[in-house]
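Have the viewer open while you read.

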Amino acid sequence: MTSMHSSERLGSYIKRAEQALNSAKSAALKSAGLTVPQYGALLFLTENPGINAAALARLCGVTPPTMNTILTNLQDRGLIERTPHAWHKNVLETRLTEPGEALMRAADAHAVRVERALAAEFTDAERDAVRGLLTRCADLLDSVRPEPAPKK
C-alpha cells in the first residue's frame, strides 16, 4: 500500500472548503434562526413545491431519517405543511407556509451574501472551471463508491 502525504489528498481541500462554507452560512443564517440543513431544505422546497421527503433528502445530500427530523422541526415551527399526495396517500407532499416563505426570503438574503462573496473571488472562467471540476469529483466518487454489504 502506498502512502500519501496529506497535502496531496484532494479530499482534505474539498472538506476544508465545505467546512468553511458551512461555517460562513451557519453564521449568516443564525439571525434567521435556521441551521444550514434547514435552510437547504427550505431552498429546495422553494424550487420544488410539493416534493416528498425522500426526493428532498436526495437533493440535500442527507439520509431520509435526517430529512424527516429536519422537516418535523420546520413543521413544528409552522414553516412548512405536509399533506397527503392526491393519488398516493402514503406519500406526503411538502410545501412552505406563508411564514416559511417569509423566513426563507430573509434567510436567503443572508446566504446569498455568502455565495456572492465566494463567487466574487473568481473570474467567470474560474467559476465555470470550479463547477466543472467539482462536478467531475462528485461523479467520479459516485462511480467508485463500494456497494453496501448485503444485510444478513
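In which crossing, left-handed or right-handed, does α2 pass α5?

## Helix packing

The crossing of α2 past α5 is left-handed (the near helix is turned anticlockwise from the far one by less than a right angle). This is a predicted model, where local features need pLDDT of at least 70, side-chain atom pairs count only at pLDDT 80 or more, and totals for chains, interfaces and linings use all residues. Numbering runs from 1 along each chain as its sequence is written, and side-chain values use heavy atoms, leaving out hydrogens and water.

Helix α2 spans residues 36-47 and α5 covers 98-120; they pack at about 110°, axes 11 Å apart. So α2 is roughly perpendicular to α5 (65 to 115 degrees). On the α2 side, Y39, L42, L43 and T46 meet M104, A107, D108 and A111 of α5, with contact meaning heavy atoms within 4.5 Å. Those contact residues split into six nonpolar, one polar and one charged.

## Salt bridges

The whole structure holds six salt bridges (a Lys or Arg side-chain nitrogen within 4 Å of an Asp or Glu carboxyl oxygen). One of them joins E18 to K15 at 3.7 Å, N to O; both sit in helix α1, three residues apart, about one turn of the helix.

Another pairs E93 with R95 at 3.3 Å, N to O. E93 is buried at 17% relative accessible area, while R95 is partly exposed at 32% (buried is under 20%, exposed over 50%, partly exposed in between, using a 1.4 Å probe and protein chains only). R145 and D142 also form a salt bridge, their closest N and O atoms 2.4 Å apart; R145 is exposed at 53%.

Definitions and conventions
Axes are lines fitted to C-alpha atoms, for helices over the stretch in contact, and angles run from 0 to 180 degrees between N-to-C directions. Helices (H or I, at least four residues) and strands (E, at least two) are DSSP runs, numbered from the N terminus. Angles under 35 degrees count as roughly parallel, over 145 as roughly antiparallel, 65 to 115 as roughly perpendicular and the rest as oblique. Ala, Val, Leu, Ile, Met, Phe, Trp, Tyr, Cys and Pro count as nonpolar, Asp, Glu, Lys and Arg as charged, and the others, Gly among them, as polar.
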